[in-house]
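Student: I would like to work through a model feature by feature. Please give the general idea each time, then the case at hand.

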Amino acid sequence: MTTEMLHFTPEEIARAADLLRQGETVGMPTETVYGLACDAGNPSAVKKVFAAKGRPADNPLIVHIADIADWKPLVKEIPPLAMRLAERFWPGPLTIILPRSEAVPAITAGGLDTVGVRFPAHPAAQALIRAAGVPVAAPSGNRSGSPSPTTAAHMLADMDGRIPAILDGGSCICGVESTVILLDDAESVRVLRPGFVTPEQLQTVAAHVTVDPAVLARVEPGTVVRSPGMKYRHYAPNAQVTLVEGDQAHFLAFMASHREAGEFALCFDADEPLCKAAGIRCLPYGDTDEARAAAFFSRLRELDDAGAAHVYVRAPHTDGVGLAVFNRLLRAAGYDIVSTESSEEGEW
Ligand code: TXA
Ligand code: MG
């Protein structure tokens, strides 16, 4: 199959929407990352999404809507806290998990009795969902285990020949997937996956916000987790990745002993001139949390293209959007993290 590249014009949105209604899959731009979209209510279309990604069947898909009114039919009920969160953060990078209704097939939900719903902010995603006239299931558009695509070209690199079309909506603004939450009770939110909507922001709507321990810790094989995606190795480029914690001086000192061919630093912008002066091959990924979130998935792909064998990433802090970047890098690194300040090397 040839993968057609579509553009954000009325005709090509209509073509992409037709494909969705016919039970096909389409690459869909969102403000977070590109997704692989299909009709959420069509089990055979959902099967194609799992097959194209090589995704384990127990990992549920997020269902996307383009109007808050389309949420109600997908879930058993919408508690007041969930509605307040939606009104504050939608359209935007927040996925809210609630018990699902019969309208969501079991296969879409990875066999769970819940469904995560999101109303994306990207105008092309909204136009596509509205034109299709159905709720749209969409996991990130990468092959399972690879970095999420933040451009149409990245998605094509993973999916060429495996899906009929990709709608090109430009580069994703956030660059990191949505914040995934569930409600523990009437006033409590639990973050299963951090994203651009931060725990600090959620706290302005919910009385209690907790971050699930699996966000920052390794999930041991066999553990029952609230979000099946947490247990898989994720976001990994071909290169081996090590996350390096410590301030600039410690990072540079550590990198001074990693200057072999194939060794690269993924550093903050301010580190770049110092790395270069010390003969350390490096690529900068930003100087703010938001810039790093937008850049790191594509930087990991660029480092693969540059032939990197081992990438040492200067670890971001874990406040605000930094938590989302840290969480993805930790998984890309397979939990290989080095603390340069205590000079202890090894895995958690
Ligand atoms: O920003 C995003 O969320 C992107 C765009 C395309 O919307 N989508 C995305 O989907 O990242 P995916 O499938 O790559 O990641 C969804 C994560 C997985 O870790 C999955 O296990 C979790 O959310 N998830 C989805 N539905 C869930 C549910 N009902 N219960 C628990 N976890 C759920
Ligand atoms: Mg994903």
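Student: Does Ala-217 count as buried, partly exposed or exposed, and at what relative accessibility?

Tutor: First, the conventions. This is a predicted model, in which local features need pLDDT of at least 70, side-chain atom pairs count only at pLDDT 80 or more, and totals for chains, interfaces and linings use all residues. Residues are numbered from 1 along each chain as its sequence is written, chains are lettered from A and ligands numbered from 1 in the order in which they are written, and side-chain values use heavy atoms, with hydrogens and water left out. Buried means under 20% relative accessible area, exposed over 50%, and partly exposed in between (1.4 Å probe, protein chains only). Ala-217 counts as partly exposed because its relative accessibility is 30%.

Student: Where is Ala-217 found?

Tutor: Helices (H or I, at least four residues) and strands (E, at least two) are DSSP runs, numbered from the N terminus. Ala-217 is in the loop between strand S11 (208-211) and S12. Its C-alpha is 8.8 Å from that of Leu-330, although 113 residues separate Ala-217 and Leu-330 in sequence.

Student: What is the strand order of the open sheet?

Tutor: Strands of a sheet pair through backbone hydrogen bonds, either parallel or antiparallel. Here two strands pair if DSSP finds at least two bridges between them. The five strands of this open sheet run in the order S14-S13-S15-S12-S16, with parallel pairing. Strand S14 (282-284) and strand S16 (337-339) are the edge strands, each pairing on one side only. From one strand to the next, the twist averages 25°.

Student: How many bridges join S12 to S15?

Tutor: Five bridges join S12 (residues 240-245) to S15 (residues 310-314), and the two run parallel. Thr-242 has Tyr-312 of S15 as its bridge partner, and Leu-243 stands opposite Val-313 in S15. S12 also pairs with S16 in the parallel sense, over three bridges; there, Val-244 has Val-338 as its bridge partner.

Student: Which strands does helix H10 touch?

Tutor: Contact means heavy atoms within 4.5 Å. Axes are lines fitted to C-alpha atoms, for helices over the stretch in contact, and angles run from 0 to 180 degrees between N-to-C directions. H10 (residues 322-332) packs on the sheet and touches S12, S15 and S16; its direction makes about 135° with that of S12.

Student: At what angle do H9 and H10 cross?

Tutor: Angles under 35 degrees count as roughly parallel, over 145 as roughly antiparallel, 65 to 115 as roughly perpendicular and the rest as oblique. The axes of H9 (residues 289-305) and H10 come within 8 Å and cross at roughly 20°, which means that H9 is roughly parallel to H10. Residues meeting across this pair include Phe-296 and Leu-300 in H9, and Val-325 and Leu-329 in H10.

Student: How do H1 and H4 pack?

Tutor: Helix H1 (residues 10-21) packs against helix H4 (residues 123-132) at about 55°, with the axes 8 Å apart, so H1 is oblique to H4. Among the contact residues are Ile-13 and Leu-20 of H1, and Ala-124 and Leu-128 of H4.

Student: Which residues does the cis peptide bond join?

Tutor: Trp-90 and Pro-91, with omega about -5°. Pro-91 lies in the loop between helix H3 (80-89) and strand S5 (94-99).

Student: Is Tyr-335 buried or exposed?

Tutor: Tyr-335 counts as buried because its relative accessibility is 8%. Tyr-335 lies in the loop between H10 and S16, and its phi is near 70°, a positive value in a residue other than glycine.
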